[in-house]
Every structure is written in C-alpha cells, then in structure tokens.
Amino acid sequence: MALKAGPIWGSSVYPHPYLGLTGLDGRRTGCFLNLRFDFERCRKWECLAVLGQRAAIPVEDEKPLKAVAESPGGADKAKENQSMAFHRDLNSLPRPLSATDPSSSPIRGWIVRVAYQGVPGAYSEEAAMIAYPKCETVPCDDFEAAFKAVELWLVDKAVLPIENSVGGSIHRNYDLLLRHRLHIVGEVQMVVNHCLLGLPGVRKDEIKRVISHPQALTQCDVTLNELGLIRITAEDTAGAAQIVASDGMKDTGAIASARAAVIYGLNILEEKIQDDCDNITRFLILAREPIIPGLERPYKTSIVFSLDEGPGVLFKALAVFALRDISLSKIESRPQRKRPLRIVDDSNKGSAKYFDYLFYIDFEASMADPRAQHALSHLQEFATFMRILGCYPVDKKPL
C-alpha cells in the first residue's frame, strides 16, 4: 500500500526558497520553516513518502548504449568512422527522470524548466518549446515522473499529451490528472509530421525494418505497407531514433520528428509519411498553481465529476451547460478505480452490476464568466464529486 504525504513546496522568488508543507487536502498549513534549501543535495533525495512502493517500469533508454562495431576492412572502417561523425555524443544528453529517482540539476537562474515524457527530440519536447521558447526542457521516463517533477519543485511546468486527432485520448494522463494536484494552465495544439529516419549513407530501399512508438507505426500504416517494412515497437519516437543511431542499425529505420534526426545525426529518408495529413496532438501545460482567468480572450475550463445512479442523470449534468449556451469541446469517461462496480438490488429482478464512471469535460467558458459559475453551482446539486482541473486560454495559434 502506497504511503500518503503532503507535497513539499517552496517559493521560486528567492535563490534559497523557504520551505513549507501542505496537508493532504492541498491546503497550506501557514507555517514556514525558515530553512535554506540546498538544490545540490536535493539530487540525492528519495521521496519515499510520496512515491511509496510504486516502482518505475524500466525502459530501453536507460540501458547503456552499445558501441558501434567497426568492420575489419579498411574501407568499411573509414565509412563507419565517417558515419559516426554525424552522431552527437549521446552520453551528453540529459538522462530522463524516473518516478523512483526524481533527481535533478540545480536551478539555473530564472529559466523556466519544463518536464516532458521521453528523450530529447520527442514531440512533447517540441510542444514544450512552442509553449516556452526559451525554456530548459527536462526529459522524464514516464508520464507520472513528469507530474512528480512539478510537485517536487524540480521543474516549473510539465507539458504532456492528452489527445490525438487520429489515436484518440491518452487515458493514462486523464487518470494522473485526478491522482495528482496539479493545475492545467494552458494547452498546445501541434501538427505531428512523422519522418522516416536512417543512418547517414543508407538509402530508403536498404531499410528492412522500422522502429517507433506503436501509435506512430499505426499512423503510418499505408506507407509502411508500401515499403514492406517489419515493424518493431519502442517506448517513444525519439527513443527509436536514439536506438538506431547508438546501435548503428543500417537496415533499420526510425519514425520520429525532424528534430530527432538533427539530435541523433540521422538522415531524413522521407518526410510526412503519416496516413492523415491532419495529424494533430493536443498537449496540456501543468503547474503547481492555477492562473487567474479573465474575459479578455477565449478561455477553456476542464472539470471532472461523478454522478449517482438514476435515470437521465448524465443528461441533467450536460443540460446545465446547454441551458446557459456554453459549448462543450470534450467529454471523456473513465471507470472509478476505487469503486469500479455499482450493485443495484431489485427484489423483483435480482441484482445488477454497473460500472461507475468519472466524467471529464472541457467547456468553452472562463471561470470569470457568471454563466460558468452558475453552471457549476447547478452541477454540484446532483454531482457526488466535482473538481476543477484548470481554467486556461484556448490555443488559437494557426496550425
């Protein structure tokens, strides 16, 4: 059973923040511990109280990189050395944070540090750089590690995918939004352009296999069938490029971004190989504190709630928005983990078992708008649970 503890928080205004504690309900105790915070020593902390007995799943990116074997022939050796000239020193890239070892380098000045899932060159890192062009990006080996990095003040923000126009919702991040006490403070919508990458000097017709994330392989199904390539799955797209580059796999290509090709010294054999040209991923920006909503620009509000049993309860829940001319842009349901089944006992017809659901909704209104305030007040009358995940500006940038 995982232990529960209040997260540690501090103030980024001072070089050596004061530390305080929050209770399990997220409220600050109001007690400040006037302690100097040593970020170098923070690298060695193991937050056992927060992480409990949860173990991180090992990924291929954490394995030592294999050296590229040199061929015995002089010509082959020269060609191999020329190929290696295109490669970056992979060991110099930042090592991803893990959920069980959230170590981090010291804070550098006032640069915003943004966590993302994957390794350098991931689409999530690109989204983070769109949101914060001058930020320092911090790779994490999984989604939960990114959540924890924000909670433990190792980074300032996290940028994580929540849905894709082709692959649908990322359910894991919906569950983590409820489990952690972070706030949605923004969104980024980004067009995903998949590229077929290979080692320098390798032609496209020499590629026999391709490695990438399962969703990327699915989204490029038509092209891969035309090329007759064998598919191999990886943890993420940029990680696939890293494997091809570090292992010197001449007969294997990777599906990843153009930026991953630059980072790992690979050639782009073909661009935009996805089946659907309108392949858009929506990312959420998460922070420890919410932003103050306004009315000067379009805002979006994300909430999660549960309902009791009864006829038409979901209809009533959605009607509170329709009655006030508030548009819904997203609705997602997830089974409740603590109470997955609801048993209804009817003496005439016996007992029936139903799934109990949580409903995630995005609606197009600011919490500064009285319509939104009245709608949520109305919803609370029959919702058994409700939480506002965030109110944030709508991403209106052209794609």
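I started with helix 11 (residues 313-322), where I found A317, A319, V320 and F321 buried (under 20% relative accessible area with a 1.4 Å probe, protein chains only). Helices here are DSSP runs of H or I with at least four residues, strands are E runs of at least two, and both are numbered from the N terminus.

I noted that the model is predicted, that local features need pLDDT of at least 70 and side-chain atom pairs pLDDT 80 or more, while totals for chains, interfaces and linings use all residues. Residues are numbered from 1 along each chain, and side-chain values use heavy atoms, without hydrogens and water.

I turned to helix 12 (residues 370-379) and listed A372, A375, L376 and L379 as buried. Viewed down the helix axis, these fall within an arc of 95°, so they line one face; the arc is taken from the directions from axis to C-beta atoms. They pack against strand 15 (299-307), helix 11, strand 19 (357-363) and strand 20 (383-393).

At the start of helix 12, I found a side-chain oxygen of D369 within 3.0 Å of the backbone nitrogen of R371.

Last, I checked helix 5 (residues 143-151) against helix 6 (residues 171-179): the angle is about 30° and the axes are 10 Å apart. The two are therefore roughly parallel (angles under 35 degrees). F143, E144 and F147 of helix 5 meet R172, N173, L176, L177 and R179 of helix 6.

Notes
Buried < 20%, exposed > 50% of the residue type's maximum accessible area, 1.4 Å probe, protein only. Contact = heavy atoms within 4.5 Å. Polar contact = N/O pair within 3.5 Å; in protein donor to acceptor, adjacent residues only side chain to side chain. Axes fitted to C-alpha atoms, helices over the stretch in contact; angles between N-to-C directions. Parallel < 35°, antiparallel > 145°, perpendicular 65-115°, else oblique.
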